[in-house]
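User: I'm new to this one and would like to go through it slowly. Could you take my questions as they come?

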Protein chains: 2
Amino acid sequence: RSSTIARSTFCRASSTTSLAPLDTFVRRHVGPRDHETKEMLSLLGFSSLDDLTKKNVPKAIQRQPMQMEQEKSEEQVLNELYGVLSKNKIFKSYIGMGYYGTVLPKVILRNLLENPGWYTSYTPYQAEISQGRLESLLNFQTLVTDLTKMDIANASLLDEGTAAAEAMNMAYGNAKKKKPVFYVSSAVHPQTIAVLKTRAGFVGGIQVVTFDENHNDVTKNLDRLSEACGVMVQYPDTYGRVTDYSAMSAAAKSAGAIFITASDLLALTLLKPPGEFGADIVLGSAQRLGVPMGYGGPHAAFFAVKDNLKRIMPGRLIGVSVDSNGKRAYRMSLQTREQHIRRETATSNICTAQALLANITAMYCVYHGPKGIKEIAERVNLCSRTVGSGLQEMGYKVDHADYFDTLLVHVPAGKMNQLKEEMKKREINLRYVSEDKVTVSLDESVSEKDIQELLNGFAAAVGKKAGTASDLAARAPAVDFGTLSRTSPYLTHPVFNVHHSETEMLRYLKKLENKDLSLANCMIPLGSCTMKLNATTEMIPVTWPQVGNLHPFAPLDQAEGYLSMFDSLSQSLKEITGFSKVSLQPNSGAQGEFAGLSVIRAYLNDNGGSHRNICLIPVSAHGTNPASAAMVGMKIVPVKSDNDGNVDVNDLKEKAEKHAKDLACLMITYPSTHGVFEEPIKDIVKIVHDNGGLVYMDGANMNSQVGLCSPGGIGADVCHLNLHKTFCIPHGGGGPGMGPIGVNDKLAPYLPGHPVVDMQRFGGENGRAIGPISASPFGSSSILPISHVYIQLMGGEGLKKATQMAILNANYMANRLKEHYSVLYHKEGLVAHEFILDIRPFSAHVTAEDVAKRLIDYGFHAPTMSWPIAGTLMVEPTESEPKAELDRFVDAMISIRQEIREVVEGRADLKNNVLSNAPHTAAVINSDEWNRPYSRKKAAYPLPGMEETKYWPPVGRLDNVYGDRNLVCTCPSVEEIYPFEHQ
Amino acid sequence: RSSTIARSTFCRASSTTSLAPLDTFVRRHVGPRDHETKEMLSLLGFSSLDDLTKKNVPKAIQRQPMQMEQEKSEEQVLNELYGVLSKNKIFKSYIGMGYYGTVLPKVILRNLLENPGWYTSYTPYQAEISQGRLESLLNFQTLVTDLTKMDIANASLLDEGTAAAEAMNMAYGNAKKKKPVFYVSSAVHPQTIAVLKTRAGFVGGIQVVTFDENHNDVTKNLDRLSEACGVMVQYPDTYGRVTDYSAMSAAAKSAGAIFITASDLLALTLLKPPGEFGADIVLGSAQRLGVPMGYGGPHAAFFAVKDNLKRIMPGRLIGVSVDSNGKRAYRMSLQTREQHIRRETATSNICTAQALLANITAMYCVYHGPKGIKEIAERVNLCSRTVGSGLQEMGYKVDHADYFDTLLVHVPAGKMNQLKEEMKKREINLRYVSEDKVTVSLDESVSEKDIQELLNGFAAAVGKKAGTASDLAARAPAVDFGTLSRTSPYLTHPVFNVHHSETEMLRYLKKLENKDLSLANCMIPLGSCTMKLNATTEMIPVTWPQVGNLHPFAPLDQAEGYLSMFDSLSQSLKEITGFSKVSLQPNSGAQGEFAGLSVIRAYLNDNGGSHRNICLIPVSAHGTNPASAAMVGMKIVPVKSDNDGNVDVNDLKEKAEKHAKDLACLMITYPSTHGVFEEPIKDIVKIVHDNGGLVYMDGANMNSQVGLCSPGGIGADVCHLNLHKTFCIPHGGGGPGMGPIGVNDKLAPYLPGHPVVDMQRFGGENGRAIGPISASPFGSSSILPISHVYIQLMGGEGLKKATQMAILNANYMANRLKEHYSVLYHKEGLVAHEFILDIRPFSAHVTAEDVAKRLIDYGFHAPTMSWPIAGTLMVEPTESEPKAELDRFVDAMISIRQEIREVVEGRADLKNNVLSNAPHTAAVINSDEWNRPYSRKKAAYPLPGMEETKYWPPVGRLDNVYGDRNLVCTCPSVEEIYPFEHQ
Ligand SMILES: Cc1ncc(COP(=O)(O)O)c(C=O)c1O
Ligand SMILES: Cc1ncc(COP(=O)(O)O)c(C=O)c1O
Ligand SMILES: O=C([O-])O
């Protein structure tokens, strides 16, 4: 046989002798192909990725290779993780406490939660390409105001505990910080009380005082009401009691305190809403409306206020406005930003929240409608009455005649252990409240069979026979909430009353999805946001039942799968950050900041530094930094930038020395928010340390560090990681996110604990750990598999390569664009993983906003606008964008540069040009009248090849109010918000 | 407490005392809400659904309530089915024989296979709204022609066995039916040979002759070559041998026989393609390129021919054409239809095929590209060489020096039982070929660990120790296919060379999805196609691993989950159809027809009726009916319609009596393809029976029967069910589908069997069962959960309600439209579940095609066009469409009627109007020049409220060839195709 020809041409026989799997991931995660990488490197004058990054990253901080496993195949990682997570034991949980079983309709599961068209989009700052999800978030706000009967609701907060803390801060601020007492009923969920205490403890000035509602005269118990800024209760309370709070709320009000009610949206379908008994703020978790428990999160918290408080409400508020054509259009209202600008200090650092989860809840209500939701509530209530009757027939005493879903049950003396055993045998979790009491919370997911099992368990514990569930249900006494019965309608808006068949629901979901741009459509080059690939393999475990169906307060031996994954993830994050311990509790970057600063605070307090309260923050810092510092009661001292945008080391030194006695810490982002690896970073750290302060590193830019350098290596003491940036958790249109913190040995003992769950190796030391900063012990546990899978798929080398490619992509784009725009800030021509394009030179003619909106006409999401510098665009391509997409974007920007030139040179009309009128809707382009000074084609198809798959924004430019221009990523820059000390 | 007010107003306390679950499905499946149903009924003058359908369905056939379970909740059904299917045991299968493990990239899994935007679309008859999936199918054809090196390929056929049968029919037809011998190598997969024999046996005239390739001189063995229409081999063959067929193909060719090669696309990346050694036809299964085994299907078969055979190739051919603007656009080529029209008799009845699966394979190749696919093949080959070396080291004899993936292994005497046991212990399936031989087929899914286990099993059987897999791999001898090595390139088109990162793949999938209309966007009112809801809960089990990962020839005790589900589904289908036995083997409606007619044929043969060969078919029948009849060698005698479109009973009687001696059967669709419940259906059946014939019922319109009447009750003997119509399997853009048949006691013994799998209770009687009609014993098993879940969710009453609502929706629309269009055929004003709108009255000015294309401008998929009557539109809304969507469609049709009037009355230009120019692309509407006699607005937004979510077709009207106008739903009507006997 002669195979010479064959061998020498196209198909050489394989030289591989390796059985290694082929479904490797690094090449799937990274955009450019090898030959493109070479081209790009050579354009930049480098011979290899190492060559590029060795020049870029200061020598002093370059790290050794990470000690991590190699890249694994997609099948292998999923199979292994499936095995690990199958160690979770899914008992039926009747624990309640803010976490309930629920049934997520499959049409929403598949077409929203499992659909990249929904989960990969960004916070709707660019309203024109976000009308779909804005509509859905508006639905969320509507259902919250309807059910609570409050005037206005946001969309959304991180969890019930932090929502309560926000309410407390509001109350305190509302009382001009003059009233220190914050009353909270002891029948509020314990984790909520604990979060309040953590917050109050650090901000200083607030005292959280619990009061006992069982006391003879509750209002008497509130003996310091005149000193109280707020009073908070839970309705129904943590033990299931439904109390009429009219008198208490009136008393609070007349004493000038804000009356706050934590509540349950499902219960409010049957109960008089807090808005009707005088609540000023109503908050809670919307989890049970469709969002799986997920071992604690992510879930959306809701937050609703009376009209008079709306200007100081935290979080994101979606509003209805009009577009440039006078058409109705949705947008994020700016008032929460105005609030930041107007007020002396921030009370809230909320940024990434839980948009995707709010959308699930909104869609759940759209699908069920008012009647459906009410039926669900009634069935839950029937379940609880059935159990109640059954228990009473067996001789158990059940507190409270009328309950919604939670029974407080007295266990006969000596029977508690037996009860626990019987329940365990049946794989049932109750809430064991005390030596002789348990609670049982029923929910939508409970079946008749479940109830029977539950009753059998109770019966066995006392040697009785349980009644039959269906019989008990048939003769269960009717509930009578009396004057606390709901009489007012809800969910009356048409959107909640038409999409009740699956076909309609599906089309509504698709209609909204297709109005928007997500990563499924195009690059989203938002600087500081790291919109990289959220790979399917990473997302798959999120909707596994063994991930979704675990109650966060289930005994730890039922969570072995989770804990084992936490161990592995923590281990990786430690290696990546160079720290010795990680807390997985903070459920956003900003929460991570608060947690990290709290840990610093606790450390200082414990080590003779309780007076240290100066926090140095460079002026270019993200707005959450100073907000978080304010939340731990620190005083912010800004540090200047030099002409190259770097931290002015002299200014830093001066201020550090000046405040040496009181210096608490520096907060710094690295590489800087200007997208540069600042050379003297080690010096900066040293200056702070030398003056007795600690260094907090904002890890938002970790995508430029992983594998090349590390916060720990740089000398920082603590750092948060936005897992929704560098570690692939999708942004979900504005959340979820996760913000774990890594700390060094010094700070490790102070990591947050939890009042309900013994956090073991995942929390600080007994006695030194700070209180919880989130409601759940491990934050948004159910999305942690995403980051875990990502790390496993990439391996140490892959992670480093991702960083290098992110830097290469940014430098390639900057290089192609630098002839056309000024690229602000670089180090000898090199940027890190993002860069800033200056639009200010054209400001007399064209604004950054014009460019951002014009990019929509080209089929792109705008870069980060006017942050950290007003009048600029910050571009971050990430490693996942293919070269062709980088080029498409660059070509669009070059074409726009040409359009700018036309305006600047007077060839195009100053007020009526393709930029000022952007974006152009199809309706505008198609209108029969056309009297613009440019052609339709130029407006709609400015570059060749756009016809077939042109993205049409459903609305034109939003009519925005003052302040918009300077805002990005919610949280405005330090300069705008904080009254700096005179420099 | 006073709760009187509360109770009496909005929120009455619940009166429910039932613990039944609330996630009930019937109300989700059905579009109109209860109050709308009432309105619609009252518009039609009925007081209830029963009232409507009792009037509609002939009294003589109305049935008793079905004996079925009640509706169950979505959670319950999924949980139960999960339990059932978990009884499947997923062994590692090395059985091969056309079914292999494969790795479906998750990004394709989630965004194509699990995405309603892909799976709910219809066959791309309306090219303008199908450009996305047409492009993907063209990719499929391209990869097939590339890998086989043939001139032209279709997209796609049902399975390898039926593809072989199509090839045989082609060969026979090509030889003008003068050459009876069809040679097939005995080294072709046994199920393929069996399918060939079944086909040949019924069509009559063809003799399938097997020949032994091991014979000294193969060509000598083909001693009847001069009588042969075709010669078929397998390459690599079923035992893994790779043979050079150049000589044989040359010999065949010179004898005037078609040379057919069954092959394996993955192997062809390394092997010389059949197109280069003279094959005329190459066919096979594309399964291993990304499609899970799914216990036998669905998978796409490929079929490629040399140019000279393209006019007689079966199946759907996608072609490149231009649109009305001269832009490139894709379409289904019409030549396969022309073929039908031109030829004397049909050789193929292929209609629904495997488009979705072809698209998965196409995307798999897009994702991997030429290099990736080759690496996969090389790794598979390395695995097989590793195993080969390992076995030889243990003393096993392995046949053939150079193999691709399959080893023929000699088992030492007396060791076979031991081997079987060792393998079973390790959960490994081999193919046990004979007393002393096994084959082992390796595939992409095999890991190093798997190989080690496999070797260990072989070692244990002979008391040896196995080598280490990785060592063996490292020193496995290189493969040398010599002159059979592949030298020609493949997948060189850019589409296979750019989408290799996950980001690019995702965007490509989304881009194509968003060009098209699917049920996720709007109603698809295709008459006869039953485009109803494909609910998510029904779809979820399809991608469970215990559904996807089972080899169809695995021992039955590993398939207990499947078999138990088959039992339940068969039981339901029996109750629904009124038959006594069901075969789940046919994998499309047309296959069901062929199976049913074959069973009739077998019964007649067995009962003294072998001469009976007349098949009566009403002229309105679907084209597959006569095609199928031709395939079992029957002679078609058409039956006229009367003026009302009903079967002309007198004509029927006359013909039945005239042919009484030779009457085989009647094929009839009920309700008729005209959408009417014909009154005398029982008389019709009786006439046929009285004249010695049997009745075949085409179950395409079962959506009008379920729960109201039944084929069995009507007296039919056999009927197929298009599960992809009435039973919710999505159409997948042109398949998959399933066409099980139900039969009465008479025919039950003849149901199809299978040569490899003992079909037990699911096949006919030993000795009487016909051969297999599909390659897999249970057809496309992995989509059967869809229909099973649907039935479980609906329960007996729910199924009946669905039927009634389908009828109500159709009648509501017909009623609203009847003032504007003539509604052809009805019974006292009532239609069944579909109705025909007559466009012929306007034919001098406007065609049905104009209306169909204009509907795209209104955002709709057209109804079935020009079938069963040319110049008409047949509308089938199904029960799942909400009233609002029915109204939106009716409003569009009324508005179009106005537009027609303008043309007819001369107010609009005859050749240049909104209808003739439809559909209008955005590029057309936006063009700077506009010189049409109507406005842009009128063209693009003919009704209010369309601006925001307007669907823009990516191309204008396709430039179609002759014949298109009369074709709908692929298969043209009887009149056009068949040369009827003179009447
Ligand atoms: C530099 C920087 N710091 C902090 C944050 C806040 O993180 P999160 O949105 O997760 O709260 C962001 C968010 O974009 C950021 O860019
Ligand atoms: C009346 C009728 N019969 C038969 C068929 C063929 O069924 P299939 O496409 O599943 O092969 C169809 C398909 O639409 C049909 O409408
Ligand atoms: O494809 C058809 O529905 O005929």
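User: Is Trp544(A) buried or exposed?

Analyst: In this predicted model, Trp544(A) counts as buried because its relative accessibility is 13%, where buried means under 20% relative accessible area, exposed means over 50% and partly exposed lies in between, with a 1.4 Å probe and protein chains only. Residues are numbered from 1 along each chain as its sequence is written, and chains are lettered from A in the order in which they are written.

User: How many aromatic pairs are there over all chains, and what is the geometry of Tyr82(A) with Trp544(A)?

Analyst: The whole structure holds 47 aromatic pairs over all chains, a pair being rings of Phe, Tyr or Trp (its six-membered ring) with centres within 6.5 Å, counted as stacked if the planes are under 30 degrees apart, edge-to-face if over 60 and tilted for the rest. For Tyr82(A) and Trp544(A) the ring centres are 4.9 Å apart and the planes stand at 85°, so this pair is edge-to-face. It links distant parts of the chain, with Tyr82(A) in helix α5 (residues 74-85) of chain A and Trp544(A) in the loop between α20 (536-539) and α21 (545-548) of chain A, 462 residues apart. Helices (H or I, at least four residues) and strands (E, at least two) are DSSP runs numbered from the N terminus. Tyr82(A) has 36% relative accessibility and therefore counts as partly exposed.

User: What about Tyr670(A) and Phe677(A)?

Analyst: Their ring centres are 5.9 Å apart with planes at 65°, so Tyr670(A) and Phe677(A) are also an edge-to-face pair, and both residues are buried. Elsewhere, Tyr295(A), Tyr562(A), Phe566(A), Phe762(A) and Phe778(A) form one aromatic cluster.

User: Changing topic, how many residues are in contact between chain B and chain A?

Analyst: On chain B, 114 residues are in contact with 115 residues of chain A, contact meaning heavy atoms within 4.5 Å. The size of an interface is often given as the accessible area lost when the parts come together. Chain B and chain A bury about 9,000 Å² between them, with 53% of it on carbon and sulfur atoms; this buried area is the accessible area (1.4 Å probe) that the two parts lose on being put together, summed over both.

User: And how many salt bridges are there between chain B and chain A?

Analyst: There are 13 salt bridges between chain B and chain A, each being a side-chain nitrogen of Lys or Arg within 4 Å of a carboxyl oxygen of Asp or Glu. The count over all chains is 99.

User: Which parts does the pair Arg507(A) and Glu881(B) come from?

Analyst: These two side chains meet in a salt bridge at 2.7 Å, N to O. Arg507(A) lies in helix α19 (residues 502-515) of chain A and Glu881(B) in the loop between β26 (872-875) and α30 (883-904) of chain B, so the pair joins two chains. Arg507(A) is buried with a relative accessible area of 11%, and Glu881(B) is buried with a value of 1%.

User: Which residue forms a salt bridge with Glu513(A)?

Analyst: Lys510(B) does, with the closest N and O atoms 2.7 Å apart. Glu513(A) is in helix α19 of chain A and Lys510(B) in helix α19 (residues 502-515) of chain B, so this pair joins two chains as well. Glu513(A) counts as buried at 6% relative accessibility, and Lys510(B) counts as buried at 3%. Lys510(B) also meets Glu513(B) in a salt bridge at 3.6 Å, N to O, and because Lys510(B) and Glu513(B) are three residues apart in helix α19 of chain B, about one helical turn separates them.

Note on methods: Predicted model: local features only at pLDDT ≥ 70, side-chain atom pairs only at ≥ 80, totals over all residues. Heavy atoms only, no water.
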